[in-house]
Amino acid sequence: MPDELNAKGYDIPPEMQNTVAITTLDKLYNWGRRYSAWPMMFGLACCAIEMIATAASRFDLARFGMEIMRPSPRQADVMLVSGTVTKKMVPQIVRLYNQMPEPKYVVAMGACASGGGPFKEGYNVVSGIDKFLPVDVYIPGCPPTPQALLYGLMKLQEMMDKQSIKSVRWYQKGDLPEIPVPILGPDLIDPRDYPDFEFKLRQAYAEKTEEEAS
């Protein structure tokens, strides 16, 4: 049995170390998840080329149990946001995220997905996918190398190892709320900002009414 699965403080006889493990439910649960986190197969821009190279034989993503890239969000565990995030794509990305089952994770791969990159000032570019989705791991680079992506995925595995069944959100009572899908109009509107919009409109209307009355 792998040493990482064994709980500390227990001595297992040498003749049984390959067949017996003394562990906790959290360790067993996280050990299974860290080696079966399937990424969703989609790319947004040039970072996707490096993601594809990472999945090829030279870098061997299969070592981490992540070689099966799923074409459906229903079968995916990890969303690799690889490339420039445009306002036109954000509603689709959020919709795909909502369709992924728990537990699910988001990796922002590259400067564009993390903060807009060289296109940050563009009229059609979002300054980071974390404006709309909870990001678990950021991978710097333009584009990041396959080695950088592997390091980011190992950091994601380390994060999984620290999670406990008692505290993770997908085992709590009640339904998990979906993230509202942004609306693409003349600009990108986040439904979560509606109360703020309403307050500003009421404030502007009150100021205009007061000005006309005086």
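Student: How many Å separate the centres of domain 1 and domain 2?

Tutor: In this predicted model, the centres of domain 1 and domain 2, taken over C-alpha atoms, lie 34 Å apart. The contact draws seven residues from domain 1 and five residues from domain 2.

Student: Which residues belong to each domain?

Tutor: The domain assignment places 34-171 in domain 1 and 183-213 in domain 2.

Student: What area is buried between domain 1 and domain 2?

Tutor: The size of an interface is often given as the accessible area lost when the parts come together. Here, about 480 Å² is buried between domain 1 and domain 2, and carbon and sulfur atoms give 66% of that area. On the side of domain 1, K87, P91 and F132 lose the most area to domain 2, together 77% of what that side buries.

Student: Turning to pockets, which residues line the largest pocket?

Tutor: The lining consists of Y97, N98, E102, K104, P134, R169, L176, P177, E178 and I179. By class, the lining has five nonpolar residues, one polar and four charged.

Student: What volume does the largest pocket have?

Tutor: Its volume is about 190 Å³.

How values were computed:
Residues numbered from 1 in each chain as written. Predicted model: local features only at pLDDT ≥ 70, side-chain atom pairs only at ≥ 80, totals over all residues. Heavy atoms only, no water. Domains from an automatic or database assignment. Contact = heavy atoms within 4.5 Å. Buried area = accessible area lost by both parts, 1.4 Å probe. 1 Å grid on protein atoms, 1.4 Å probe; cavity = no way out; pocket = protein on both sides within 12 Å on 5 of 7 lines; lining within 4 Å. Points joined across faces, edges and corners; volume = space filled by probe spheres on them. Nonpolar A, V, L, I, M, F, W, Y, C, P; charged D, E, K, R; others polar.
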